Amino acid sequence: MSESSPWICPACRAAVPRDGAWRPFCSERCKMVDLGAWLLGHYRVAALEADEDDATPEPEPPPDDDDADR
Ligand SMILES: [Zn+2]
């Protein structure tokens, strides 16, 4: 029974050598690809959250008060 690789490259699903230099990735390229994708998603989410928070500085007034004034 031969030893199977303990790691599978998250980027390309290839078996990663036990003593691979880029664990858990199979190569430097796959490591950079995965890191880049993660950073893109991370920045996109962070920008959306910041924009949404800045777009609503104060809560809306209750519509019931406007109807009573009229
Ligand atoms: Zn890979």
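**Figure 1. Confidence along the elements of the predicted protein chain.** Helix α2 (residues 63-69) has the lowest mean pLDDT among the elements of the protein chain, at 70, and β2 the highest, at 93. pLDDT is the predictor's confidence in each residue, on a scale from 0 to 100. Over the protein chain the average pLDDT is 80, and 73% of the residues score at least 70. This is a predicted model, in which local features need pLDDT of at least 70 and side-chain atom pairs count only at pLDDT 80 or more, while totals for chains, interfaces and linings use all residues. Residues are numbered from 1 along each chain as its sequence is written.

Figure 2. The protein chain has 2 helices and 2 strands, and from the N terminus they follow the order β-β-α-α. Helices (H or I, at least four residues) and strands (E, at least two) are DSSP runs, numbered from the N terminus. Of the 70 residues, 6% count as buried. A residue is buried if 20 or more other C-beta atoms lie within 10 Å of its own, exposed if 12 or fewer, and partly exposed in between, with C-beta atoms placed from the backbone. Among contacts in the protein chain with a separation of 6 or more, 3% are between residues 24 or more positions apart. Two residues are in contact if their C-beta atoms, placed from the backbone, lie within 7 Å.

Figure 3. Pro24 sits in the loop between β2 (15-16) and α1 (28-55). The peptide bond from Arg23 to Pro24 is cis, with omega near 0 degrees. Most peptide bonds are trans. Pro24 is partly exposed because 15 C-beta neighbours lie inside 10 Å. Apart from neighbours within four places in sequence, Pro24 is in contact with Trp7, Pro10 and Val16. Pro6 is 18 residues from Pro24 in sequence, and their C-alpha atoms are 9.1 Å apart.

**Figure 4. Arg13 in the loop between β1 (7-8) and β2.** Phi of Arg13 is positive, near 65 degrees, in a residue other than glycine. Most residues other than glycine have a negative phi. Arg13 counts as exposed because it has 9 C-beta neighbours inside 10 Å.

**Figure 5. Met32 in helix α1.** Met32 has 13 other C-beta atoms within 10 Å and is therefore partly exposed. Met32 and Ala11 are 21 residues apart in sequence, with 9.3 Å from C-alpha to C-alpha.
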